[in-house]
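User: I would like to go through this model term by term. For each label, give me the value and the rule behind it.

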Amino acid sequence: MPTTKPRKSSSAKSSGSSTARKTKNAEASSQNENSQLEKFFVDALKDIYWAEKHLTKALPKMQKAATSEELQQAIEDHLNQTKEHVNRLEQVFEQLGEKAQAKKCEAMEGLTKEGDTVVEETEDGTSTRDVGIIVSAQKVEHYEISAYGSLVTLARTMGQDEIADILNQTLEEEKETDELLTQIAESSINWQAEAEDEEEEEDEEK
Ligand code: FE
Ligand code: FE
């Protein structure tokens, strides 16, 4: 008999606290979601960190392969920015209390491999090769724009405004570089490549 009473009261107690427990569970799961999101965020940082470091090696090769001085200069300027992008990411890792760690980015590896192929398949000293380099470089910039765009949004969602601001600086530089490449292509290189093609056709006709 004495056992039923405590049981009853304990059951009453647990049912009475079920709302409280639900709230607790919701808190725990939201905390859990938050940490999962943070983990995903850090993973994405590692991916773009690898990509940026890889670009500090890939860009000098692209610069060397380019013929147009304007294009060479644009690539060189962006190489210097890219080094700063690496530094900024290290700053972000530090702010999160995480070790700066690179995790291979398959997408960036693929994009730069494609860029190498374009260079291999075009003739040295031609504007056609420069067109190919611009196309490859813009694919890289577009990848970075989407990666940083997502990272900035995620950082804001997590309330990491300072980190969002740091990443946004890089995002803006990627966008500027993309626009500059479009401008170089449209103002000169595309036309030169087109003229190159016509000269070639004329030679073939002779
Ligand atoms: Fe970058
Ligand atoms: Fe870039």
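User: What makes H5 and H6 roughly antiparallel to each other?

Analyst: The model is predicted, with pLDDT of at least 70 needed for local features and 80 or more for side-chain atom pairs, while totals for chains, interfaces and linings use all residues. Residues are numbered from 1 along each chain as its sequence is written, and chains are lettered from A and ligands numbered from 1 in the order in which they are written. Helix H5 spans residues 127-157 and helix H6 spans residues 161-205. They pack at an angle of about 160°, with axes 8 Å apart. Axes are lines fitted to C-alpha atoms, for helices over the stretch in contact, and angles run from 0 to 180 degrees between N-to-C directions. Under 35 degrees counts as roughly parallel, over 145 as roughly antiparallel, 65 to 115 as roughly perpendicular, and the rest as oblique. H5 and H6 are therefore roughly antiparallel.

User: Which hand does the crossing of H5 and H6 have, and how do the residues of the contact divide?

Analyst: The crossing is left-handed. That label applies if the near helix is turned anticlockwise from the far one by less than a right angle; clockwise gives right-handed. The contact of H5 with H6 holds 17 nonpolar, 10 polar and nine charged residues. Ala, Val, Leu, Ile, Met, Phe, Trp, Tyr, Cys and Pro count as nonpolar, Asp, Glu, Lys and Arg as charged, and the others, Gly among them, as polar.

User: What makes Ser188, Lys61 and Gln63 partly exposed?

Analyst: Ser188 of H6 has 15 other C-beta atoms within 10 Å, so Ser188 is partly exposed. Lys61 of H2 also has 15, hence partly exposed.

User: What makes H3 roughly antiparallel to H6?

Analyst: H3 and H6 pack at about 170°, with axes 10 Å apart. The cut-off is over 145 degrees. That makes H3 roughly antiparallel to H6. The H3 and H6 crossing is left-handed. The contact of H3 with H6 divides into 10 nonpolar, eight polar and four charged residues.

User: How do you know that H4 and H5 are roughly antiparallel?

Analyst: H4 and H5 pack at about 175°, with axes 9 Å apart. H4 and H5 are therefore roughly antiparallel to each other. Among the contributors are Leu111 and Val118 of H4, and Ile133 and Tyr143 of H5. By class, there are eight nonpolar, three polar and three charged residues.

User: What does the largest nonpolar core contain?

Analyst: The largest nonpolar core has 35 residues. Such a core is a set of buried Ala, Val, Leu, Ile, Met, Phe, Trp, Tyr and Cys residues joined through C-beta atoms within 7 Å. Met62, Ile134 and Leu167 have the most contacts inside the core. Helices H2 (18-65), H3 (69-95), H4 (106-120), H5 and H6 each give two or more residues to this core. Leu167 touches Val92, Tyr148, Leu151, Val152 and Ala155, not counting residues up to four places away in sequence.

User: How many helices and strands does the protein have?

Analyst: Six helices and zero strands. Helices (H or I, at least four residues) and strands (E, at least two) are DSSP runs, numbered from the N terminus. Buried residues make up 27% of the 206 residues.

Key
A residue is buried if 20 or more other C-beta atoms lie within 10 Å of its own, exposed if 12 or fewer, and partly exposed in between; C-beta atoms are placed from the backbone. Two residues are in contact if their C-beta atoms, placed from the backbone, lie within 7 Å.
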